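Visitor: I have just been handed this one and would like to find my way around it. Could you walk me through it?

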Amino acid sequence: MIRLGVVGYGRRAHGVINGALRQVEPEVKVVAVVDPDEEGVRQRLAESDRPEVKFFNSLEEMVRKSSIDGLFIGTRCHLHAAMAIKAAAFDLPLFLEKPVAITMKQAMALEKAFEKSRCQVVVSFPLRVSPLCDLARRYISQGAVGEPVHVHAFNFVPYGTVYWEQPYRDYSITGGLFLQKATHDFDYLCFLMGSSIVRIGAMATFQHVFGGKKKAGLRCSQCPEQETCLESPQNRKRNVSGYHSNDHLCVYSVDCGNVETGTNEDCSSAVMEFATGGHGVYSQVFFTRREAGARGATVSGYLGTLSFDWYRNELKLVRHHQPFTVTEKAAEALSHFGGDFELARDFIGLIKGKIKKSRTPIETGIQSAYICLAARESALTGKFVKVRQAAAA
Ligand SMILES: NC(=O)c1ccc[n+]([C@@H]2O[C@H](COP(=O)([O-])OP(=O)(O)OC[C@H]3O[C@@H](n4cnc5c(N)ncnc54)[C@H](O)[C@@H]3O)[C@@H](O)[C@H]2O)c1
């Protein structure tokens with residue numbers, strides 16, 4: 001049996017533990033939790049976990065007083081770095097949610113804490129380890145495109161209203177959508193290109209679509225504009241424009257913040273220079289719906305162009321100087337395109353001592369945070385920003 005200690009047993013922690021982790025290893029048990037919302041956690045916990053689970057006030061107390069084999073940090077974004085710094089003092093495998101930090105101070109403190117740590121980390125970057133991205137990287141490593149010189153990456157998010165109607169709209173918790181969303185994409189792009197991003201220029205558009213002046217705390221069920229508003233449950237249902245059609249907080253509320261106090265962007269883009277000298281562009285758009293959803297990249301070198309899209313579950317390789325083009329179709333998508341399952345395999349492998357290093361170690365999370373912080377700074381200042389490089393990355 002694998003005994004887990006969890007800090008922040010929210011929806012994501014529950015989803016990963018009850019889904020991917022138990023698919024890989026059915027004998028996983030949550031025995032210890034640090035979470036101020038004990039009642040909510042007890043409701044979420046699997047029935048088999050409920051009798052034995054114990055609650056603690058801090059990560060240190062939990063590790064000292066309960067015999068656990070692995071740690072899971074699933075709090076919201078602003079607490080990840082502080083919790084992971086505590087975990088760095090112990091020699092226990094750690095599953096750490098992303099982004100690993102939302103400020104430069106947090107990211108640098110995290111890097112320092114892990115300089116001499118023996119704590120092995122699986123950063124929750126399912127895209128990097130998803131089978132489709134792995135296949136793309138294998139093609140590139142085998143020279144299918146030659147030297148990868150250019151990448152064009154995109155993320156048209158069909159469920160983007162979560163960033164205006166759920167707690168993700170609190171900028172002090174997320175730090176904006178480069179950190180919240182692009183942290184995954186910058187990470188897999190470095191993996192694909194086999195190189196770090198060293199310089200970035202970014203742009204963001206705020207409050208052309210979401211955010212606004214509607215009163216604080218407003219919900220659709222209290223709103224006189226339900227008939228006409230495209231985001232009301234009834235119109236989402238009618239137009240099949242979900243991602244859900246339940247009552248929800250207003251996406252045009254003052255609660256979404258503003259440019260002065262910090263707010264999420266409707267869409268943002270970055271131009272990136274890689275250490276190899278190649279470059280790329282990335283865009284993320286949060287108001288798209290339905291079949292407009294798309295996420296993937298096109299990598300080009302002199303010898304070929306390779307494209308893939310997780311939503312289409314397909315990879316295409318065009319050989320520029322040979323009369324061959326291949327299309328590979330992936331099997332039906334799993335959670336996070338199969339990436340959560342791969343992360344779970346790494347985490348269980350570390351706990352059982354079957355693997356020595358995860359495919360998403362702490363330095364990938366720190367490096368991605370440095371890239372996101374540079375992108376955010378660039379978008380706010382209008383200047384290109386040099387990306388800090390994590391020593392271990
Ligand atoms: N890797 C991915 O693909 C992916 C997908 C979804 C969410 N996430 C990330 O997962 C994280 C959690 O998101 P969620 O939707 O599960 O949020 P959530 O609010 O459901 O869960 C957070 C939990 O942390 C608890 N908490 C709050 N303060 C705490 C504290 N001081 N100490 C311990 N626990 C505390 C809350 O009570 C709650 O149970 C976010 O950072 C999000 O970005 C990652």
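Visitor: To start with the ligand, how far is its oxygen atom from a polar backbone atom of C77?
Guide: That distance is 3.2 Å, and it falls under the heading of a polar contact, which is a pair of N or O atoms within 3.5 Å; within protein, one must also be able to donate a hydrogen and the other to accept it, and residues adjacent in sequence count only if both atoms are side-chain atoms. Please keep in mind that this is a predicted model, in which local features need pLDDT of at least 70 and side-chain atom pairs count only at pLDDT 80 or more, while totals for chains, interfaces and linings use all residues. Residues are numbered from 1 along each chain as its sequence is written, and side-chain values use heavy atoms, with hydrogens and water left out.

Visitor: Which residues come nearest to the ligand?
Guide: R12, D35, H80, E97 and H336 come nearest, out of 26 residues around the ligand, where being near means that one heavy atom of the residue lies within 4 Å. For D35, a polar side-chain atom lies 2.7 Å from an oxygen atom of the ligand, and for R44, an N or O atom in the side chain is 3.3 Å from a ligand oxygen.

Visitor: And how much of the ligand does the protein cover?
Guide: The protein covers 82% of the 850 Å² of accessible area that the ligand has on its own; such areas come from the Shrake-Rupley method with a 1.4 Å probe, and for residues only the protein chains shown count as cover.

Visitor: At what angle do α1 and α12 pack?
Guide: Helix α1 (residues 11-24) and helix α12 (residues 339-351) pack at an angle of about 75°, with their axes 9 Å apart. That makes α1 roughly perpendicular to α12, because angles of 65 to 115 degrees get that name, whereas those under 35 count as roughly parallel, those over 145 as roughly antiparallel and the rest as oblique. The axes are lines fitted to C-alpha atoms, for helices over the stretch in contact, and angles run from 0 to 180 degrees between N-to-C directions.

Visitor: Which strands does α1 touch?
Guide: α1 packs on a sheet, touching β1 (2-7), β2 (28-34), β4 and β5, and its direction makes about 160° with that of β2. α12 lies across β1, β2, β4, β5 and β6, running at about 175° to β6.

Visitor: What is the strand order in that sheet?
Guide: Six strands form an open sheet in the order β3-β2-β1-β4-β5-β6, with parallel pairing; two strands pair if DSSP finds at least two bridges between them. β3 (54-55) and β6 (121-123) stand at the edges with a single partner strand each, so one side of each is left without a neighbour in the sheet. Within the sheet, three bridges join β4 (residues 70-73) to β5 (residues 94-96), and I73 stands opposite L96.

Visitor: Now the nine strands: in what order do they come?
Guide: Those nine form an open sheet of mixed pairing, in the order β16-β15-β14-β13-β7-β12-β11-β8-β17. Its edge strands are β16 (325-329) and β17 (385-386), each pairing on one side only.

Visitor: How does β7 pair with β12?
Guide: β7 (residues 150-156) and β12 (residues 279-285) pair in the parallel sense over seven bridges, with H150 opposite H279 and F156 opposite V285. Seven bridges also join β7 to β13, in the antiparallel sense, and there A153 has A297 as its bridge partner.

Visitor: What about G277 in the hairpin of β11 and β12?
Guide: G277 takes a positive phi near 100° in that hairpin, which has four residues between the strands. β11 (residues 267-274) and β12 pair in the antiparallel sense over seven bridges, and A270 has Y282 as its bridge partner.

Visitor: Which strands does helix α7 lie across?
Guide: Helix α7 (residues 131-141) lies across β13, β14, β15 (314-319) and β16, running at about 15° to β15. Helix α13 (residues 362-381) packs on the sheet too, touching β8 (197-205) and β17.

Methods:
Helices (H or I, at least four residues) and strands (E, at least two) are DSSP runs, numbered from the N terminus. Contact means heavy atoms within 4.5 Å.
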